[in-house]
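Please look over the sequence and structure shown here before reading the briefing that follows, which is arranged by topic.

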Amino acid sequence: MIKTMALFALSIFMLVACGEAGDAQLEKNASSETEAVESAASETAGNDGLGVGPVKSVTIGALDAAMAKEGEDLFTKNCTACHKIEAKFVGPALAGVTERRKPEWIMNMIMNPEQMVKEDPVAKELLAEFLAPMANQHITEEQARKIVEYFRQVDSK
Amino acid sequence: MKTKLFLILALALSIVLTGCDSDGGKGSKAGMVGSNAAEKVYVAPGEHDEFYAFLSGGFSGQVSVYGLPSGRLFKVIPVFSQDGEKGYGYNEETKPMLETSHGFVPWDDSHHPELSQTDGVPDGRFLFINGNNTPRIAKIDLRTFETTEIIEIPNSAGNHSSPFTTENSEYLVAGTRFSIPITETDVSVKEYAAKFQGMLTFVSVSPDEVGDMEIDFQILMPGFDYDLAHSGKGPSHGWTFFTTYNTEKASTMKEVNASQNDKDFIAAVNWKKAQEYVKAGKFHTMPSNYLNNEYSDHTHSATSKKMTSTRVLIPSECPGLVYYLPTPKSPHGVDVDPSGEYIVGNGKLSADLTVHSYSKMIKAIEAKAFEKEIDGIPVLKYDQVVAGVVEKPGLGPLHTEFDGKGYAYTTFFISSEVVKWKLGTWEIVDRIPSYYSVGHLMIPGGDSRKPWGKYLVSLNKITKDRYLPTGPELAHSAQLYDISGDKMELLLDFPTIGEPHYAQAIAADIIKDKSLKYYKLDDNKHPHAVKNEKDTRVERKGNEVHVYLTSIRSHFAPDWVEGVKLGDVVYFHLTNLEQDWDVPHGFAVKGANNAELLVMPGQTETLKWIPKAVGVFPMYCTDFCSALHQEMQGYVRVHPANANVKLSWGLNEVEKQEK
């Protein structure tokens, strides 16, 4: 009997010991979750609205029509299965996107969607709303810049 | 009582400590409950194996890809058999891969995987494997892990001694295990001895990234059974060795009648000499019907080429082309050591293991030390070519591989063991049982100039009680041994697909970084590809309806089609618009008499569908692709044959109709 009790007590100890470590881990995750939600509320906190990814800074000048045309072709080929300009589809409608988001954010969303929906507060909220994570179509930085130019042209009209 | 309690406490405490092992057991002895073997094969979750191993599927006709040392199965590559899982041999693009001169052959018996080599070392470009039943050799591209070429071997039967590469994959070989009347005609089997012949085929491989296979020449041989082969290396580069049995030329009850002679032969073929004879025009052009099927990564489609003749050399007309090395007794495997000097004849009915010397063979040829000739082929004197004999190593030797450290390892089927012996002294240094009845064995790079002599895999014919029983049919088994020390140590059993004959393995680093992640849509040259939703459409050509559709997470475009009529033959040409790794989409339609499509990112595949009834038939994505995968579905409406309807299709607000 003593034997059994001793073993029982020890097993409890083992569970508690492992459980505590586990809980600590969970709490840590939970707190970082809270932080993320808070920063989402303030929109631009964390990355100044630049998003997360390779694009840190983009220079925007006068609208380049040739570049926008190339951007439109790229958009038609790679994006239109899920995005429309005027209407919400699989993903959000893109009219006005250059007014809502910085060009760096748009390019990072195109080029680095996996990390964006995990780490960028705005992208996280969009995933929660649309549920379909944006597909990575392996667009280069140069191509993404052209797509931004196309969006600028759309928004300028 | 107290002592006992103390012991229990100590034990429980140790469980507590190991139970909470903080680093997840990775690289730590704690948590492995003291099992050294378990630790050696443990590849932690998320970690990669050290070797890729390619195991033949035997009567499954396929190749399976495992990791070593974990024994984890990564992929079954469809090669000679239709595979519903991947649509291989069912979709329109890959059907031509299984075409032969005998028509569509959806199955074979695949035996010997062989990695391409450069300078006698596996280079990770291609894997080749033979089809035994309807003689063929297949090539698998190790960037995509897909079968990209199959060449049929004409004037052949039982393509067993194949493919066994030369040192720079100049050639793959194919020998007839079953001699036949050549040219093929109906002759009484009783006339075997007089009228049946063997054929040794040399298939060239282009040295570029395509690795195009072509039959360069064939050699017409006496009607023995040509069982296995290996090519020379280093000094013996330029030669290929084939074992023979049934030198008795028995045509019936071979179990007894093909086991009469004390010695059969290893045929040594000087293929560089053969090239000279071909160049000098000493060949006969033989009408030969065979197909060469090639798959393109650009069109994502296979095409069959009809071939009509081969160049045949006859040894009696070509002195120095072939010699016979007498070898006891019905030798099975023939294996050349890493130095290229020793040629091991695994005489499966012999009490001893015979090892020939390449340098002695050359001297014997120069000295014309012949005991006789058979059909113009000199038989060298046994004592002039033998290097040594491993005495009484076991019962039923089949195959030998090498560790690159001066040792050879031979399998013994009857005594069910692997025996390690020393090259040069021929002494036996270790033996270990296999469970049960081992056939082939494989050391990574073990038939090359530079083996990775760390592990050995035995490929066993009988499993019996090793796993939970699964009715009368049991999994075949592979066993992993550690051969890094003096003594071999059994580490792991793992079940295999079909029957593994031979296998090959290569350091993972050579292949893994070259592995393709997706096909570029821009490079897609499939004639029925559509590269954006705007171009999706449905077209009628008589009673053929072609649906050009696309997939992306998570919808098809179009996702409804109406206007198909009973009697129509529908072709769904599906292009997967995804441009990311690990996002295939599947496609299935109710009542299809073939299989699904499984379309890789950037690829186009076609499913043929003949509806049998009027109604509305769902189609859907079969490969879970996103949170909205269950929504990835659509409908095809089938009208009566005489309905006066036009084709229409659409997606969401887009709706189109044929003109």
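In what order do the 4 strands of the open sheet in chain B stand, and is the pairing parallel or antiparallel? The order is β27-β28-β29-β30 and the pairing is antiparallel, where two strands count as paired if DSSP finds at least two bridges between them, and where helices (H or I, at least four residues) and strands (E, at least two) are DSSP runs numbered from the N terminus. The model is predicted, so local features need pLDDT of at least 70 and side-chain atom pairs count only at pLDDT 80 or more, whereas totals for chains, interfaces and linings use all residues. Residues are numbered from 1 along each chain as its sequence is written, while chains are lettered from A and ligands numbered from 1 in the order in which they are written.

- β27(B) pairs with strand β28 (residues 407-412) of chain B in the antiparallel sense over 4 bridges, and Pro397(B) stands opposite Phe412(B) in β28(B).

**Chain B as a whole**

- Chain B holds 8 helices and 47 strands.
- Its radius of gyration, taken over C-alpha atoms, is 28 Å, close to the 26 Å that the globule rule gives for 659 residues, so chain B is as compact as a globular protein of that length; the rule is 2.2 Å times the number of residues to the power 0.38.
- Buried residues make up 50% of the 659 residues in chain B, a residue being buried if 20 or more other C-beta atoms lie within 10 Å of its own, exposed if 12 or fewer, and partly exposed in between, with C-beta atoms placed from the backbone.

**Domains of chain B**

- Chain B is divided into domain 1 (51-512) and domain 2 (528-657), with bounds that come from an automatic or database domain assignment.
- The C-alpha centres of domain 1 and domain 2 of chain B lie 44 Å apart.
- In chain B, 8 residues of domain 1 are in contact with 11 residues of domain 2, contact meaning that the C-beta atoms of two residues, placed from the backbone, lie within 7 Å.

**Strand β1 of chain B**

- All 6 of the 6 residues of strand β1 (residues 51-56) of chain B are buried, so the strand is largely enclosed by the rest of the structure.
- Phe51(B), Ala53(B) and Leu55(B) point one way from β1(B), whereas Tyr52(B), Phe54(B) and Ser56(B) point the other way.
- β1(B) pairs in the antiparallel sense with strand β35 (residues 503-507) of chain B over 5 bridges, and Phe51(B) stands opposite Ala507(B) in β35(B).
- β1(B) also pairs in the antiparallel sense with strand β2 (residues 63-68) of chain B over 6 bridges, Gly67(B) being the bridge partner of Tyr52(B).
- β1(B) and β2(B) form a hairpin with 6 residues between them, and Gly58(B) in the turn has a positive phi of about 55°.

**Leu456(B)**

- Leu456(B) lies in strand β32 (residues 455-460) of chain B and is buried, with 27 other C-beta atoms within 10 Å.
- Not counting residues up to four places away in sequence, Leu456(B) touches residues including Tyr409(B), Val418(B) and Met488(B).

**Helices of chain A**

- Helix α4 (residues 103-111) of chain A is mostly covered, with 9 of its 9 residues buried.
- The buried residues of α4(A) pack against α3 (97-100), α5 (113-119), α6 and α7 (141-156) of chain A.
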